[in-house]
Amino acid sequence: MPVILLQEETYRKHVESIFAKAITNQYQIRRTAFNLTIKKLNPFQEYPKFKTELAEKSPTSLYLFLQIFERFQFHPGLNDNDIVQSSSIEIKCRILDGVNGSALLDKTFTVDIHRDKASAGQIILTRLPAHPAVYISAFDSIASWIFQPADIALRELYLEPACMYSAKGIPAGVIRELDSFELTALPQKIIQTRRRPNRGGNVASGAISLITGVGISKSKSADYRAIFPFIAGSDTVKCVIDYRETVTADRTVEKTRNDDGSQSVSTEAGEYGAPERYTDPNENQFIMVGRDTIGWFTLSYEPSTKSHQNQTQYWNGKDSSSIGVLNDKWKNFSAGTGLTIWGRTKDKQFRMQGSSEMQAKMFYIEEYPALMTIGKDGPVKAYAYHELTPEQLRIFIALASIPFGFFQR
């Protein structure tokens, strides 16, 4: 679930003071206590009601009705280095004259909050819409927009993300740091290699559902090959990964009572859901230069025991002055699935270890540390533990650039 930052008393009081100051400056009036309360939306409502009736009126008062409705956005599958819309805030403000109840101000507009790209190698706190201090300060802009004379329907804000902070330095045993690589990624290509028979989607399974009254899921699968090409000098390096994709839909059974007392049974097939993808841990994947295979590897996914419960600080990913204490309720739930690659070149065995977040990937040759890469969507820097051959470096940088999370969902 997302974090509602205004539930924190410190942030709520700060936002109260922002609106109180804006109102005082606009109307040059003495204000009474200003209290912002947090309410959960009724599950049967899409939007909250905005009631502005006055039970009693005082001719010496103005009455403010302010509603902030935040709708969180989720974008599964996007990378941390993409700009995403993290939330949408709908503002409704009405100020009534205490003399006759007429509206002195009546404004409604929406503010889309976009979370900026994370700095390379950072892990975003996905439950936060943005860095807390920056997010709260954004209400200065929102309060000023309320009292602008022009009507506005939509505003957009681009805010810094909140990232987990780690004070780790260069790993021990490193002999060389690399921040440039002679490898350029080209657009990936995916081709279907085999279509498998559908399950549960035929006439017979529909008849079984009608007879038994029990819904049967239907699914369809196909095998695919993903090709990740890279340019390395005058050569083309390719990583080739085979995987299977399955989509499933539920078949529901509906019973109706006819006017004559008899019962009718019908079936309805639902829409196919999001695809599930997986690789065979025993199947070799390939690394090629031109048409020559220079290495092969297997992918093994397993539950990770790593979590973020020991993390104590957050920041914006680049400025140490933005470091703050990380509330337990703000933490990402876990590091997710772990990934191990077992591979071999012409003369050496190697292994890569990483997690689903893939910010850091560790490579071993014959079980000795060889290279650590930093960066989720492709390495932005790397640390070498000993001198690597050009071929070994090409293989490791290519593997570090593959979105392995795509194959396990």
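**Aromatic pairs, a helix and salt bridges**

Phe19 counts as buried because its relative accessibility is 3%. Buried here stands for under 20% relative accessible area, exposed for over 50%, and partly exposed for what lies in between, with a 1.4 Å probe and protein chains only. The model is predicted, so local features need pLDDT of at least 70 and side-chain atom pairs count only at pLDDT 80 or more, while totals for chains, interfaces and linings use all residues. Residues are numbered from 1 along each chain as its sequence is written, and side-chain values use heavy atoms, with hydrogens and water left out.

Phe139 is buried too, as its relative accessibility is 1%. A pair of aromatic rings is described by the distance of the centres and the angle of the planes. Rings of Phe, Tyr and Trp (for Trp, its six-membered ring) pair if their centres lie within 6.5 Å; planes under 30 degrees apart are stacked, those over 60 are edge-to-face, and the rest are tilted. The structure contains 14 aromatic pairs. In one of them, the ring centres of Phe19 and Phe139 are 6.3 Å apart and the planes stand at 70 degrees, so this pair is edge-to-face. Phe19 belongs to helix α1 (residues 9–27) and Phe139 to helix α2 (residues 132–146), so the pair ties together parts 120 residues apart in sequence. These elements are DSSP runs numbered from the N terminus: helices are H or I with at least four residues, strands are E with at least two.

The rings of Tyr314 and Trp330 have centres 5.7 Å apart and planes at 65 degrees, so they too are edge-to-face. Tyr314 is in strand β16 (residues 313–315), and Trp330 is in the loop between β17 (324–325) and β18 (337–345), so the pair ties together parts 16 residues apart in sequence. Tyr314 has a relative accessible area of 6% and is therefore buried; Trp330, at 4% relative accessibility, is buried as well. Elsewhere, Tyr224, Phe228, Tyr243, Phe406 and Phe407 make up one aromatic cluster.

Rings also take part in another arrangement. A charge sits over a ring if NZ of Lys or CZ of Arg is within 6 Å of the ring centre and within 35 degrees of the ring normal. The charged end of Arg71 sits over the ring of Tyr47, 5.0 Å from its centre, and that of Arg351 sits over the ring of Tyr364, 4.2 Å from its centre.

Helix α2, which holds Phe139, can be checked for its length. The expected span of a helix is 1.5 Å times one less than its number of residues. For the 15 residues of α2 this should give 21 Å, and the end C-alpha atoms are 22 Å apart, which agrees. Which residues of α2 are buried? They are Pro132, Tyr135, Ile136, Ala138, Phe139, Ile142, Ala143, Trp145 and Ile146. These cover an arc of only 155 degrees around the axis, which puts them on the same side of α2; the arc is that of the directions from the helix axis to the C-beta atoms. An α-helix has 3.6 residues a turn, so residues three or four places apart point the same way. The cover over the buried residues of α2 includes α1, β1 (62–72), β2 (84–97), β3 (103–115), β4 (154–159) and β16.

Charged side chains come next. A salt bridge is a side-chain nitrogen of Lys or Arg within 4 Å of a carboxyl oxygen of Asp or Glu. By this rule there are 14 salt bridges. Asp223 forms one with Arg196, where the closest N and O atoms are 3.1 Å apart. This pair links distant parts of the chain, 27 residues apart: Asp223 is in strand β9 (residues 218–232) and Arg196 in the loop between β8 (189–195) and α3 (203–212). Asp223 is buried at 12% relative accessibility, whereas Arg196 is partly exposed at 21%. Arg196, Asp223 and Arg244 are linked in a network of salt bridges.

Asp235 and Arg394 form another salt bridge, with the closest N and O atoms 3.0 Å apart. Asp235 lies in strand β10 (residues 235–249) and Arg394 in helix α4 (residues 390–400), so the pair ties together parts 159 residues apart in sequence. Lys331 and Asp328 meet in a salt bridge at 2.9 Å, N to O. Lys331 is buried, with a relative accessible area of 4%, and Asp328 is exposed at 55% relative accessibility.

Methods
Contact = heavy atoms within 4.5 Å.
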